[in-house]
Amino acid sequence: MKYYVYVYNSPEGVPYYVGKGLGARAFNRVRHRCPIPPKEQIQFFYFSEDWEADECEIDLIHFFKRTIDGGTLLNISTGGPGSPGYTRPHAKRWIVTTPDGDTHHLRGLHLFCREHGIN
């Protein structure tokens, strides 16, 4: 199987990051903004097709939810290229203040606009 999805778990077994990879991507410290746990704390799901791994990543992020959505994951995007929330690594950062006075720090304006029905 060529493609895989991985879940980083805390020592207590709580998932804190979901990603998709090839080769040694799950262990590449340069590409992650969160700590990489020991191999025993990483769960892998293997696929022969890229789209299958994309779907799994999206589903797992939706299931565990990102911290900004009330879940446990440190993920910024909702997974998979082309899916809502996917941001390029160098996406612009924004500070948005709503009419109610709430301030949101964003990375990638597209997802915020989608979630709040803004065109």
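Visitor: How do contacts in the chain split by sequence distance, and what share joins residues at least 24 apart?

Guide: Keep in mind that this is a predicted model. Take the contacts in the chain between residues at least 6 apart in sequence; the share of these joining residues at least 24 apart is 40%.

Visitor: What length does α1 reach from its first C-alpha to its last?

Guide: Helix α1 covers residues 50–64, so 15 residues in the count. At 1.5 Å a residue, 21 Å is expected, and the helix comes close to that, reaching 21 Å.

Visitor: Where do the buried residues of α1 sit around the helix, and within what arc?

Guide: The buried ones are A53, D54, C56, E57, L60 and I61. An α-helix has 3.6 residues a turn, so residues three or four places apart point the same way. Seen down the axis of α1, the buried residues line one face, because they fall within an arc of 165 degrees.

Visitor: Which exposed residues does the face turned away carry?

Guide: Exposed here means over 50% relative accessible area. On the face of α1 turned away from its buried side, the exposed residues are W51, H62 and F63.

Visitor: Which strands are included in what covers the buried residues of α1?

Guide: We've seen that A53, D54, C56, E57, L60 and I61 are buried in α1. The cover over them includes β1 (3–9), β2 (15–21) and β3 (42–47).

Visitor: Which element gives the most to the largest nonpolar core?

Guide: That core has 10 residues: Y3, V5, V7, V18, F47, A53, C56, L60, I61 and L73. Two or more residues come from each of β1 and α1. The one that gives the most, with four residues, is α1.

Visitor: And which residues does I61 touch, leaving out those up to four places away in sequence?

Guide: I61 is one of the buried residues of α1, and it belongs to the largest nonpolar core. With residues up to four places away set aside, I61 touches V18, R66, L73, N75, S77, T78 and G79.

Visitor: How many residues are in the other core?

Guide: It lies apart from the largest one, and its members include Y17, A26, I36 and I42. The count for this other core is nine residues.

Methods. Residues numbered from 1 in each chain as written. Predicted model: local features only at pLDDT ≥ 70, side-chain atom pairs only at ≥ 80, totals over all residues. Heavy atoms only, no water. Contact = heavy atoms within 4.5 Å. Expected span 1.5 Å × (residues − 1). Buried < 20%, exposed > 50% of the residue type's maximum accessible area, 1.4 Å probe, protein only. Arc of directions from axis to C-beta. Core = buried A, V, L, I, M, F, W, Y, C linked by side-chain atoms within 4.5 Å.
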